[in-house]
Amino acid sequence: FEPDRCPRVVSESGMTNYLPLWPPEYEARVEGGELEIVDGAGKVVGRAGQDVVLGGGAIPGGWESERYRRLHHELPGDCFGPYWIVE
C-alpha cells in the first residue's frame with residue numbers, strides 16, 4: 001500500500017475523506033517538493049495541505065451504486081472510495 005499514490009481530500013466537516021476523480025485535462029505534479037493539482041491551462045488549483053473548494057459531487061461508497069462498482073473495478077486496488085467527481 002502506497003498512501004501517496006491515491007491522495008485523498010477531507011470534507012469540510014472532517015468526517016469523510018474522498019478520493020477525488022479529476023477531469024481528464026487536470027494533472028498532478030510536484031513543484032518545490034509539494035504536490036500540486038493543475039488545470040488544463042497549467043493554473044494551480046490546489047496544493048497538498050491547502051484548503052480548496054471542489055465542485056462536483058460524491059459517489060457513495062456502496063455496492064448498490066452502479067457508478068461505485070464500476071470505479072471500484074476500474075481503479076487500482078488501493079484507490080478505494082468514497083469517491084468525489086470533481087467538476
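Predicted model: local features only at pLDDT ≥ 70, side-chain atom pairs only at ≥ 80, totals over all residues.
Arg29 is partly exposed, with a relative accessible area of 30%; here buried means under 20% relative accessible area, exposed over 50%, and partly exposed in between (1.4 Å probe, protein chains only). Residues are numbered from 1 along each chain as its sequence is written, and side-chain values use heavy atoms, with hydrogens and water left out.

The pLDDT is the predictor's confidence in each residue, from 0 to 100. The protein has an average pLDDT of 83, and 93% of its residues score at least 70. Confidence is highest in strand 5 (residues 44-47), at a mean of 91, and lowest in helix 1 (residues 66-74), at 79. Helices (H or I, at least four residues) and strands (E, at least two) are DSSP runs, numbered from the N terminus.

Arg29 forms a salt bridge with Glu36, their closest N and O atoms being 2.8 Å apart. A salt bridge is a side-chain nitrogen of Lys or Arg within 4 Å of a carboxyl oxygen of Asp or Glu. Glu36 is buried, with a relative accessible area of 4%. Glu36 also forms a salt bridge with Arg47, with the closest N and O atoms 2.9 Å apart. This second pair links distant parts of the chain, since Arg47 lies in strand 5 and Glu36 in strand 4, 11 residues apart. Arg47 is partly exposed, at 35% relative accessible area.

The structure holds 3 salt bridges. One of them joins the side chains of Glu66 and Arg70, at 3.4 Å from N to O. These two residues are 4 places apart in helix 1, and are therefore separated by about one helical turn. Glu66 is partly exposed at 44% relative accessibility, and Arg70 is partly exposed at 38%.

An open sheet is formed by 3 strands in the order 3-4-5, with antiparallel pairing; two strands pair if DSSP finds at least two bridges between them. Strand 3 (27-31) and strand 5 stand at the edges with a single partner strand each, so one side of each is left without a neighbour in the sheet. Neighbouring strands of this sheet are turned by 35° against each other on average, direction ignored. Strand 3 and strand 4 (residues 34-38) pair over 5 bridges, and Glu31 has Glu34 in strand 4 as its bridge partner.

Another open sheet has 4 strands in the order 1-2-7-6, and its pairing is mixed. Its edge strands, strand 1 (9-10) and strand 6 (56-59), each pair on one side only. Strand 1 runs antiparallel to strand 2 and is joined to it by 2 bridges; Val10, for instance, has Asn17 in strand 2 as its bridge partner.

What makes up the largest nonpolar core? It has 8 residues: Cys6, Leu19, Leu21, Ile59, Tyr68, Leu71, Cys79 and Tyr83. A nonpolar core is a set of buried Ala, Val, Leu, Ile, Met, Phe, Trp, Tyr and Cys residues joined through side-chain atoms within 4.5 Å. Strand 2 (17-21) and helix 1 each supply at least two residues of this core. Leaving aside residues up to four places away in sequence, Leu19 touches several residues, among them Cys6, Cys79 and Tyr83, where contact means heavy atoms within 4.5 Å.

Note on methods
Axes fitted to C-alpha atoms, helices over the stretch in contact; angles between N-to-C directions.
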